[in-house]
Amino acid sequence: ARVIMFNFPHTGLDNCKLNGELLFDFLKSASSHLSEGGQIWLTLCNIQPITWRLMDHASCFRLRVVTKLPFRPQDYPGYSCKQCSRNMPFPLEGAQSFVLMKISDASHCKQGEVS
């Protein structure tokens, strides 16, 4: 794939470990389907990139953040952000879209290494 996008991944539970595992599993899958020069666009809110360990998980699959941009919902006509458990909108202030690409020189995580 040339571009794989996932806006606001969440398990529906306020559990950093489970949401980090979701992020890990997504990056694992997406990186295996990425074509040469392809990009993964991942949008997260507030401190999620830190508490869900985005940089650590990305490095496990030879991915690095090449840029980050403020999330602009107006770029996605008809798109609405809803909490999965309550079907209510959630605040988008501070949301960032991270653009990741494969790199050739990175250490890999051991299989199952998620914490």
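Biologist: What is the mean pLDDT of the chain, and how many of its residues reach 70 or more?

Modeller: This is a predicted model, and the mean pLDDT of its chain is 87, with 84% of the residues reaching 70 or more. Since pLDDT is the predictor's confidence in each residue on a scale from 0 to 100, these values describe confidence in the prediction.

Biologist: Over which residues is the pLDDT below 50?

Modeller: The pLDDT is below 50 over residues 111–115, a stretch that has seven contacts in the model beyond near neighbours in sequence.

Biologist: What makes a set of residues a nonpolar core, and which residues touch the most other members of the largest one?

Modeller: In the largest nonpolar core, which has 18 residues, Phe26, Leu27, Ile40, Leu42, Leu54, Leu63 and Leu100 touch the most other members. At least two residues of this core come from each of α1 (16–33), β2 (39–44), α3 (54–60) and β4, and α1 gives the most, with five residues. There is also a second, separate core of five residues, including Phe8, Cys45, Cys81 and Ala95.

Biologist: Why is isoleucine 103 said to be in contact with Arg62, Leu63 and Arg64?

Modeller: Contact means heavy atoms within 4.5 Å, so isoleucine 103 is said to be in contact with Arg62, Leu63 and Arg64, its neighbours within four places in sequence being left aside. Isoleucine 103 is found in the segment after β4 (96–102), and its C-alpha atom is separated by 9.9 Å from that of valine 65, 38 residues apart along the chain.

Conventions:
Residues numbered from 1 in each chain as written. Predicted model: local features only at pLDDT ≥ 70, side-chain atom pairs only at ≥ 80, totals over all residues. Heavy atoms only, no water. Helix = DSSP H or I, 4+ residues; strand = E, 2+ residues; numbered from the N terminus. Core = buried A, V, L, I, M, F, W, Y, C linked by side-chain atoms within 4.5 Å. Buried < 20%, exposed > 50% of the residue type's maximum accessible area, 1.4 Å probe, protein only.
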